[in-house]
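The sequence and the model are shown first, and the description follows.

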Amino acid sequence: MMKHSFLTIALLSGMLLYGCKKDKTAVSSPDTINTRDFSYNMATKQISPDAEINGELNSPAGIKLVYYYLVRNNIPDSLVHIGTPAEESRNNYKFNIPTASFGSVKMTQASGIKMMVKHLDNTSFEAFIKVTAFTPPLPKLEETPLSLVPDANGKIKITGKASSENGLKLIEVFDDFEGTFALAGKVDLSQNEKVYQLNYEYTYRKNAGKLKVVATDNFGLKAEALISIPLKSYALYQDLSMMANGTASAPSNSSFFIGETGSILGSCNISGQEQKLDFVTYCSSTTPVFTFYSPGNTTTIAKNYKCGAVIWEPNATDLKATRFRVLIPGTAAADRIYAAYNGNTITDLNDQFFEGIAVPGSSTAKFDAAVANQAANTFNLTTAYLLWIRVPKADGSFVNQLLRPKEVVIGSTPALSTIKFDILVSK
């Protein structure tokens with residue numbers, strides 16, 4: 001009986017001692033915390049709505065240390081930071097957790113931060129700050145072309161569609177004219193647009209071979225697209241004007257085309273230049289039809305090119321056997337060339353570009369406005385308006401040209417008729 005009473009007393013004493021110790025270390029003091037809910041952007045590794053998790057802790061007992069534990073679902077809590085208030089801040093502690101504290105931990109399943117406060121009197125306080133991790137959708141940049149070439153004025157129109165559920169902030173265009181990408185222009189977006197149709201005119205800078213378009217959303221996330229700028233292997237001459245053969249009293253100053261330099265000569269200065277000549281313009285006085293002539297086929301009309309009383313009398317062996325073919329829309333090959341021309345995507349005028357088209361075989365190409373009359377040697381300004389011109393070289397190879405007539409004016413004197421055109425001449 002004495003033994004049993006002694007055991008009962010011992011157990012009661014142990015329980016009382018345990019209870020006293022627990023009260024000293026775990027009973028919470030009446031601390032108060034003032035903070036807010038936060039979110040963590042998995043993509044940018046940034047905290048919002050403030051740049052850092054922060055708040056204010058008031059403690060009558062005084063704060064010695066604060067331990068901050070990251071709480072995640074199904075993962076043990078991880079100590080991410082320890083706060084030590086200065087002596088003057090022990091009762092009113094404005095705390096913050098550096099965002100860098102989360103740089104080496106996985107935030108995917110984070111639910112918040114558990115604060116364990118150790119007081120000066122060895123009591124403790126526990127608080128919880130809600131933190132939600134999320135991964136925002138990345139922005140998109142779509143429908144940008146793979147390659148673009150500058151037009152005659154050195155302009156490139158960049159099109160595409162930028163989108164972001166987070167709202168778009170900025171579109172930037174870079175080029176590599178210096179070897180590395182440098183900013184060439186930008187579009188600031190201030191309306192929080194979720195979709196933006198890009199239509200930006202870029203001015204070509206010499207030696208640029210690539211463009212980079214970058215879309216940035218309101219989280220700072222980016223999407224980019226690369227566009228190549230292939231080198232053109234041809235020269236473009238625009239708005240050239242040529243006159244027909246002219247008359248003795250009004251000699252033509254623009255009847256002879258030299259593609260090598262894109263120059264035009266007249267009846268008074270063609271002499272001695274015949275070997276360079278690619279084609280000739282002519283309009284008969286009896287039937288006023290404006291016509292391109294192969295130089296080698298001008299022997300019968302040469303007498304109509306006059307400089308006053310002097311008649312053009314070329315040496316036939318100096319004249320090239322240039323050939324023409326009017327491209328008639330309606331076939332896949334011809335339509336492809338028209339699409340490339342009108343879309344400004346031509347980079348090379350080699351024979352492969354004209355694949356599927358019969359090699360030019362006509363020594364003349366004449367103008368007829370009636371679409372019904374279009375043919376391999378008859379062009380107009382509305383449908384069949386591209387002419388493939390093949391000019392032989394002394395070494396047996398050929399130079400390809402692509403001519404686009406833009407205006408034909410038949411004069412009251414047919415020999416004074418004119419044509420305006422653009423022409424691409426392979427280098």
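## Salt bridges, disulfide and cores

Asp-278 and Lys-320 form a salt bridge in which the closest N and O atoms are 2.8 Å apart. The model is a predicted one. Asp-278 lies in the loop between E19 and E20, and Lys-320 in the loop between strand E23 (310-311) and strand E24 (323-327), so the pair ties together parts that are 42 residues apart in sequence. Asp-278 counts as buried, at 4% relative accessibility.

In the whole structure, a search finds seven salt bridges. Three of them, including the pair just described, are listed here.

| Salt bridge | Closest N to O distance |
|---|---|
| Asp-278 and Lys-320 | 2.8 Å |
| Arg-205 and Asp-175 | 2.8 Å |

The salt bridge of Arg-205 with Asp-175 has its closest N and O atoms 2.8 Å apart. Arg-205 is placed in the loop between strand E14 (195-203) and strand E15 (210-217), while Asp-175 belongs to strand E12 (residues 168-175); the pair therefore ties together parts that are 30 residues apart in sequence. Arg-205 is partly exposed, at 26% relative accessibility, whereas Asp-175 is buried, with a relative accessible area of 0%.

Lys-406 is partly exposed at 35% relative accessibility, and Asp-239 is partly exposed with a relative accessible area of 44%. A network of salt bridges links Asp-239, Lys-406 and Asp-422.

The model contains one disulfide. Cys-268 and Cys-307 form this bond, with their sulfur atoms 2.1 Å apart.

Cys-283 takes part in no disulfide, and the nearest cysteine sulfur, that of Cys-268, is 19 Å away. A disulfide requires sulfur atoms within 2.5 Å. Cys-283 counts as buried, at 1% relative accessibility.

Thr-281 is located in strand E20 and is buried, with a relative accessible area of 0%. Beyond its neighbours within four places in sequence, Thr-281 contacts several residues, among them Met-242, Ser-254, Phe-292, Tyr-305 and Ile-419.

In soluble globular proteins, nonpolar side chains tend to be buried together. Here, the largest nonpolar core has 44 residues, and those with the most contacts inside it are Phe-279, Phe-292, Ile-346, Leu-402 and Ile-423. Helix H2 (residues 332-342) contributes the largest share of this core, six residues. Not counting residues up to four places away in sequence, Ile-346 touches Val-149, Lys-232, Tyr-234, Ala-340, Tyr-341, Phe-353, Leu-402 and Leu-424. Another core, of 24 residues, lies apart from the largest one and includes Ile-63, Val-80, Phe-95 and Val-117.

How values were computed. Residues numbered from 1 in each chain as written. Predicted model: local features only at pLDDT ≥ 70, side-chain atom pairs only at ≥ 80, totals over all residues. Heavy atoms only, no water. Buried < 20%, exposed > 50% of the residue type's maximum accessible area, 1.4 Å probe, protein only. Helix = DSSP H or I, 4+ residues; strand = E, 2+ residues; numbered from the N terminus. Contact = heavy atoms within 4.5 Å. Core = buried A, V, L, I, M, F, W, Y, C linked by side-chain atoms within 4.5 Å. Salt bridge = Lys/Arg side-chain N within 4 Å of Asp/Glu carboxyl O.
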